[in-house]
Amino acid sequence: MTVLPRTNVRFPSAKAKVRVATWNVRTLQHTAKVQQLCNVFEEYKLEVLGISETHLPVNDRRKLEGGKTLLLSGRDDGVHRQGVGLLLSKQATASLVEWEPISARIIRARFSSVHGKVTIFQTYAPTEVADESEKDNFYNQLESVLGHVPGHDTVLLLGDFNAQVGADNSGFSSVLGTEG
C-alpha cells in the first residue's frame, strides 16, 4: 500500500457532479491506447475511470499530461494478461490519500472528500469458464479487501464482473452489448 502525503484538496466538493466510469480496454500495451484512453476520459469529462484488462504486468503509478495519473495493478509473473487500473483527473489525483495494487484483478484507491473518505475498487472478475478455484479465490479476496474498508468510508465498486445476462439488449442498447 502506498500512503501519500496529506493534502488539503477534497474530492469531490459538496455541490460537484462527479463522473465515474469503467471500461474494459482489452490492452494498454501500446502507447496509442493510453492516448485513446486519455482522449475518451477528457471527452466524457470523467474524474475517475476504472480500467480492466490492461495486460500490463506492472504495479505502477504513472503521471500523464494535464495532471492525470494512471494507477496500475498487474501480474507479478511477467505474463501480459488481466491487469486493472484507475485513471484519475488532476483533482482526483490531488485528493488521493493512498492506493494499493491488490492483485492483477483488484486495485484500491482512497480519496479525501468533503464528506469523509471515498474508497474506490476496480475489479476484473474471472469468466464463467474459469476454474471454480480461480473464481472462488477472486471473490474471497474481494470480500476480504471490502471487509477492511473503514466503516465510515463511502465505497464505489467498479469493474468488469464478466456477468452474462443474455443477448437481448432491447431498450438497453446504449449500455449493454449483444454479447451478453
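Q: Which residue forms a salt bridge with E128, and how far apart are the closest N and O atoms?
A: A salt bridge is a side-chain nitrogen of Lys or Arg within 4 Å of a carboxyl oxygen of Asp or Glu. Here E128 pairs with K135, with the closest N and O atoms 3.6 Å apart. The model is predicted: local features need pLDDT of at least 70, side-chain atom pairs count only at pLDDT 80 or more, and totals for chains, interfaces and linings use all residues. Residues are numbered from 1 along each chain as its sequence is written, and side-chain values use heavy atoms, leaving out hydrogens and water.

Q: Is E128 buried or exposed?
A: Buried means under 20% relative accessible area, exposed over 50%, and partly exposed in between (1.4 Å probe, protein chains only). E128 is exposed at 58%, whereas K135 is buried at 10%.

Q: How many salt bridges does this rule give?
A: The count is ten. Among them is R26 with E53, at 3.2 Å from N to O. R26 lies in the loop between β2 (20–24) and α1 (31–43), and E53 in the loop between β3 (48–52) and β4 (60–63), 27 residues apart. Helices (H or I, at least four residues) and strands (E, at least two) are DSSP runs, numbered from the N terminus.

Q: What describes a pair of aromatic rings?
A: The distance of the centres and the angle of the planes describe it. Rings of Phe, Tyr and Trp (its six-membered ring) pair if their centres lie within 6.5 Å; planes under 30 degrees apart are stacked, over 60 edge-to-face, and the rest tilted. The whole structure has one aromatic pair. The ring centres of F138 and Y139 are 4.8 Å apart and the planes are at 80°, so the pair is edge-to-face.
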